[in-house]
Amino acid sequence: MRVSSDTDRVDEARRAVALNPFWYHTIEVAPGVVTPGWFDLRGVVDRMPWPDVRGKRCLDVGTADGFLAFELERRGAAEVMAADVADHALWDYPARIRERGIEWWVDVAGEKKGQGFRIARDLLGSHVRPLEVSAYDLNPSEVGEFDVVVCGSLLLHLRDPVHALEAMRSVCSGQLLVTNQVALRLSVFRRSPLAAFEGMTDLGQWWVPNALGNRRIVEAAGFDVERESGIFAIPFGEGHAPRDGRPTAYARRLARRLLAGGDGVPHHAVLASPALKAHG
Ligand SMILES: C[S@@+](CC[C@H](N)C(=O)[O-])C[C@H]1O[C@@H](n2cnc3c(N)ncnc32)[C@H](O)[C@@H]1O
């Protein structure tokens with residue numbers, strides 16, 4: 001029997017997806033072939049305050065498997081670069097996690113950094129270009145300027161998010177779209193820009209703000225906020241670790257459903273532009 005080329009493509013995609021033991025993003029890489037990601041942004045990506053990216057030069061900072069970079073391309077960007085650190089060891093780990101050795105983090109985040117991105121890019125026939133650089137080191141003399149810079153769910157993992165945003169500002173000639181995890185328990189204080197310090201947990205997190213705190217972090221780095229989202233939950237994907245079954249976890253899930261509209265990681269997003277560049 002002759003196998004159709006569509007079937008070949010789907011089989012090839014299934015094999016390629018299985019090669020990567022850890023998927024961060026849920027991505028449909030071929031018809032009906034979906035990566036088993038930790039998170040599934042597909043249903044919430046339109047909740048983010050996207051700028052018009054058609055024909056623009058764009059950068060996705062902290063791309064992981066590339067979901068937001070591919071989204072930029074899907075929305076008509078002329079050129080997309082996808083930046084991430086070359087190695088898990090280059091994350092801003094709190095000292096206690098660093099001392100456990102990188103093996104511990106490999107269990108959490110997979111061994112080969114960038115493997116998922118490369119597989120997804122090939123299967124999608126994408127032209128997104130990878131860039132190995134830390135957010136802190138972005139520099140226009142090396143990468144040029146971008147009309148649109150996107151940074152999703154990265155600031156909470158950085159010891160100095162304002163410093164990283166300042167580096168993003170140095171390469172941003174147009175607009176910046178930032179999503180960041182927010183702490184629901186701080187979100188009741190809507191008029192106070194607050195952040196919970198999480199540097200003692202096992203999650204590789206530092207500062208988790210409320211929505212106003214997220215906005216202020218972006219403003220403090222020299223951006224004017226144009227638009228912002230409400231709080232939305234990024235759903236857990238098929239590959240996520242088993243969920244905590246303790247009663248306190250159920251209570252947290254209920255709070256997320258009520259306050260963030262779903263059971264996932266609560267997020268807030270802002271669209272901003274470089275303040276002084278725009279006015280100067
Ligand atoms: C939580 S994931 C977010 C993935 C994606 N941006 C999203 O919104 O779904 C954070 C990503 O940022 C990367 N990362 C961590 N530290 C970084 C740094 N200093 N500069 C650039 N990327 C970094 C990690 O390797 C990881 O891929």
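**Charged side chains in a predicted model**

Good morning. I begin with a negative surface patch, which Asp6, Asp8, Asp11 and Glu12 form; patch members have over 30% relative accessible area and no salt bridge, with like charges joined within 9 Å. This is a predicted model, in which local features need pLDDT of at least 70, side-chain atom pairs count only at pLDDT 80 or more, and totals for chains, interfaces and linings use all residues. Residues are numbered from 1 along each chain as its sequence is written, and side-chain values use heavy atoms, without hydrogens or water.

Asp11 counts as partly exposed because its relative accessibility is 32%; buried means under 20%, exposed over 50%, and partly exposed in between, with a 1.4 Å probe and protein chains only.

I turn now to salt bridges, that is, a side-chain nitrogen of Lys or Arg within 4 Å of a carboxyl oxygen of Asp or Glu. The count comes to 16.

Arg54 and Asp52 form one of them, at 2.9 Å from N to O. Arg54 is exposed, at 59% relative accessibility, whereas Asp52 is partly exposed, at 39%.

Arg100 pairs with Asp202, with the closest N and O atoms 2.7 Å apart. This pair links distant parts of the chain, 102 residues apart: Arg100 is in the loop between helix 3 and helix 4, and Asp202 is in the loop between strand 10 and strand 11.

Which residue does Arg256 bridge to? The partner is Asp263, at 3.1 Å between the closest N and O atoms, and both residues are buried.

Finally, salt bridges link Asp46, Glu71, Arg74 and Arg75 in a network. Thank you.

Conventions
Patches are made of residues with over 30% relative accessible area and no salt bridge: like charges are joined within 9 Å, nonpolar side chains (Val, Leu, Ile, Met, Phe, Trp, Tyr) within 5 Å. Accessible areas come from the Shrake-Rupley method with a 1.4 Å probe; for residues, only the protein chains shown count as cover. Lys and Arg count as positive and Asp and Glu as negative; His and the chain ends are not counted. The place of a charge is taken as NZ of Lys, CZ of Arg, CG of Asp or CD of Glu. Helices (H or I, at least four residues) and strands (E, at least two) are DSSP runs, numbered from the N terminus.
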